[in-house]
Amino acid sequence: MESGTWAVVVAIAAAYLAWFWRMSRGLSGPRVWPVVGSLPGLLRHAEDMHEWIVANLRRTGGTYQTCIFAVPGLARRGGLVTVTCDPKNLEHVLKSRFDNYPKGPFWHGVFRDLLGDGIFNSDGDTWVAQRKTAALEFTTRTLRAAMSRWVSRSIHSRLLPILAEARDPVDLQDLLLRLTFDNICGLAFGNDPETLARGLPDNAFASSFDRATEATLNRFILPECVWRCKRWLGLGMETTLASSMAHVDRYLAAVIKTRKLELADTHTNNATTPHDDLLSRFMRKGTYSDDSLQHVALNFILAGRDTSSVALSWFFWLVSTHPAAERSIVRELCAVLAASRGAEDPASWLASPLAFEELDRLVYLKAALSETLRLYPSVPEDSKHVVADDVLPDGTFVPAGSSITYSIYSAGRMKSVWGEDCLEFRPERWLSADGARFEPHDSYRFVAFNAGPRICLGKDLAYLQMKNIAGSVLLRHRLAVAPGHRVEQKMSLTLFMKHGLRMEVRPRDLAPILDDLHVAAAAAIAASTPAIAACA
C-alpha cells in the first residue's frame, strides 16, 4: 500500500477514534466499544440481562445511555438507547409526552405479521379507535362475568383434577400456560381449544400460535435487514412464521365466518345473542374487516395468555418458599369462606367456585400477587421510539430517532423507590397499617400493568383470574419445588421460567387453620363481653 493511502487510512482512523472518544465520554452506561458499541456486553449478559440492567441503573442513579452501533450518524440517533426506571421519567414518557413516545416503526415491523395493526402493535388514530372500543367493553359487568365463567370452569373441571391425581412432580408453568390459553381463547373469540384437557393434548391452533410467537421474538435478536432478507428468501424461522400464521389465519377465518353467520341469524330472528366474547362485541360495535377482526383476537390472546400464567408461576414459587406468606393467604381464604359459607362445614368451601364477593375480599392474596409482579413483572422491559428531541425530567437529553427502554424489572428493585428491603418478598407493603385494606402504589413506581393512556385495560380481569386460580389451588394443595429443580429466568420478552416450574403437589390439611380461627373468634367474643357489660 502506498504511503499516501496509508496516510488516508491513519487519518480516518484517528478521526474516528477522536469522534468515538468524545461520543463515549457522554455515555454513562456499560462500556462501549468502537463500531460494535455495547453489543459485547449485551451478549456477555444474555443469560442475566435483567439483573445486569438493574446493576447498571443502580450505579447510574436510575438512568443511563448506551450506544448499540458506534458509527457516526447512527450513534446519536438510531443507535442510541436511553435506559431508565426513574418514576418521573416513566411518567414523562408514558403520560406527559405520550405522543412523542410511540411504539415506533421497529416494534411495528417486528410484530406486523403476527399482530397486524392490532391494539398492541399500533399507534396514532388506529390505536385510539381500537382502544375506545375495547375500553367500553372492559368496563362491562358481562365481560367480567364471562371471564369468571371461563376461569372457574377451567379450574374446577381441568386444573384441580390434574393436581388431585398428581403422584409425580408437575410442570406448573406448563399447566398454567394451558389454562390461561384456554381462558383467553374463550374470552377473545368464544372457542375453547381444550389444551388443559386430560392427557394435555396437542392442539394445532395452540401449537401454531406458539411457533409464530417464538419466530416473531427471534426477530429481536437479529438486525432488521437480516430478518427482512430471510423473510424475503423464506429462510429459517421466517419460514416457520409464515407456515404457522397460515394455519392461525385459516382457523380464525373459519371462526369469524361462523360467528358472522350466527350473529346475522340472531339479528334476523330478533333473538338475544348468546355470544359475549370480545370478537362478537367488536363485530357488533362497527364495520371491521375480517383481517382486522383476526388481529383483534390475536392481540388479546398474546396479551392475556403469557402475562397471567407467568405471574402465577412466580407467585407459586415465591409462596412455596415463604411459609409465613402462604399461611396468611390460606388463613384469609378460610376466614372469608367461613364468613360467607359458614364455618361448620369446610367441605362446602370446596364444592363450588369462589364468588365475586369472596374474591374481592381477598386483600392479602391481592397484595401477594402485586408483590410478585413488583419483583417479577411478566414483561420485564419495554421500549418506545423518540419522535422529536426531548429532555427527560432528570435532565437526560433524548434525540429524535433514538429509543427509550424503560426497565419494569428494575423499577421494582430500586432502594430509592421501595426502601432497603426492596429485594424482599413482603406483601404487607401493599396493605394498610391494620392489614384490612389493599393500598395500591403509584402506577409509575409499579409499572407491571403499564401506565398512562396505555395502561392495561385487563388489569382488573387479570387480578380476578389470578386470585381465582391461586385461591382455588392453595385452598386444596401445598406446593413445593421438586428436589433438584432449578428456577431460572428465561431471557425473553416475557419473564418465563427457563426450565418450567416442577412442583410436588400435596393435599392441604385445613384443620390447624380452622382451629386458629376458632380460637381467634373465641378471644374476640371474650374481649367484647366486658365492653358489653360496661355499656349495660
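This is a predicted model: local features need pLDDT of at least 70, side-chain atom pairs count only at pLDDT 80 or more; totals for chains, interfaces and linings use all residues.

Biologist: What are the spans along the principal axes?

Modeller: The C-alpha trace spans about 105 × 65 × 45 Å.

Biologist: How much counts as buried?

Modeller: Of the 536 residues, 49% count as buried. The chain exposes about 24,500 Å², with 58% of that supplied by carbon and sulfur atoms.

Biologist: What about contacts between residues at least 6 apart in sequence?

Modeller: Among those contacts, 72% join residues at least 24 apart.

Biologist: Now helix 13. What should its span be, and what is the distance between its end C-alpha atoms?

Modeller: Helix 13 covers residues 290-320, and at 1.5 Å a residue its 31 residues should span 45 Å. The end C-alpha atoms are 45 Å apart, so that agrees.

Biologist: Is helix 13 mostly covered or mostly open?

Modeller: Mostly covered, as 25 of its 31 residues are buried.

Biologist: Switching to charges. How many salt bridges does the structure hold?

Modeller: It holds 30 salt bridges. One of them pairs the side chains of Asp113 and Arg231, at 2.9 Å from N to O. Asp113 is in helix 5 and Arg231 is in helix 10, so this pair links distant parts of the chain, 118 residues apart.

Biologist: Are those two buried or partly exposed?

Modeller: Asp113 counts as partly exposed because its relative accessibility is 28%. Arg231 is partly exposed too, at 43%.

Biologist: Which residue does Arg153 pair with?

Modeller: Arg153 forms a salt bridge with Asp192, at 3.2 Å from N to O. Arg153 is in helix 7 and Asp192 is in the loop between helix 8 and helix 9, so the pair ties together parts 39 residues apart in sequence. Arg153 is partly exposed, with a relative accessible area of 41%.

Biologist: And Arg158, which partner does it have?

Modeller: Asp182, with the closest N and O atoms 3.1 Å apart. Arg158 lies in helix 7 and Asp182 in helix 8, 24 residues apart. Both Arg158 and Asp182 are buried.

Biologist: Which residues do salt bridges with shared partners join into one network?

Modeller: Glu371, Arg374, Asp421, Arg426 and Arg429.

Biologist: Thr372 next. Where does it lie, and which residues does it touch?

Modeller: Thr372 lies in helix 16, residues 363-375. The relative accessible area of Thr372 is 0%, so it is buried. Leaving out residues up to four places away in sequence, Thr372 touches Ala311, Trp314, Phe315, Leu318, Pro377 and Phe425.

Biologist: What about Ser492, where is its place?

Modeller: Ser492 is in the loop between strand 8 and strand 9. Ser492 and Ala46 are 446 residues apart in sequence, yet their C-alpha atoms are 10.0 Å apart in space. With residues up to four places away not counted, Ser492 touches His50, Leu217 and Pro380.

Biologist: Last one. Which residues form the nonpolar patch on the surface?

Modeller: Trp33, Val35, Val36, Phe69 and Val71, with about 390 Å² of accessible area together. Val36 is in the loop between helix 1 and helix 2, and its relative accessibility of 36% makes Val36 partly exposed.

Note on methods: Residues are numbered from 1 along each chain as its sequence is written. Side-chain values use heavy atoms; hydrogens and water are left out. Helices (H or I, at least four residues) and strands (E, at least two) are DSSP runs, numbered from the N terminus. The expected span of a helix is 1.5 Å times one less than its number of residues. Buried means under 20% relative accessible area, exposed over 50%, partly exposed in between (1.4 Å probe, protein chains only). Patches are made of residues with over 30% relative accessible area and no salt bridge: like charges are joined within 9 Å, nonpolar side chains (Val, Leu, Ile, Met, Phe, Trp, Tyr) within 5 Å. Accessible areas come from the Shrake-Rupley method with a 1.4 Å probe; for residues, only the protein chains shown count as cover. A salt bridge is a side-chain nitrogen of Lys or Arg within 4 Å of a carboxyl oxygen of Asp or Glu. Contact means heavy atoms within 4.5 Å.
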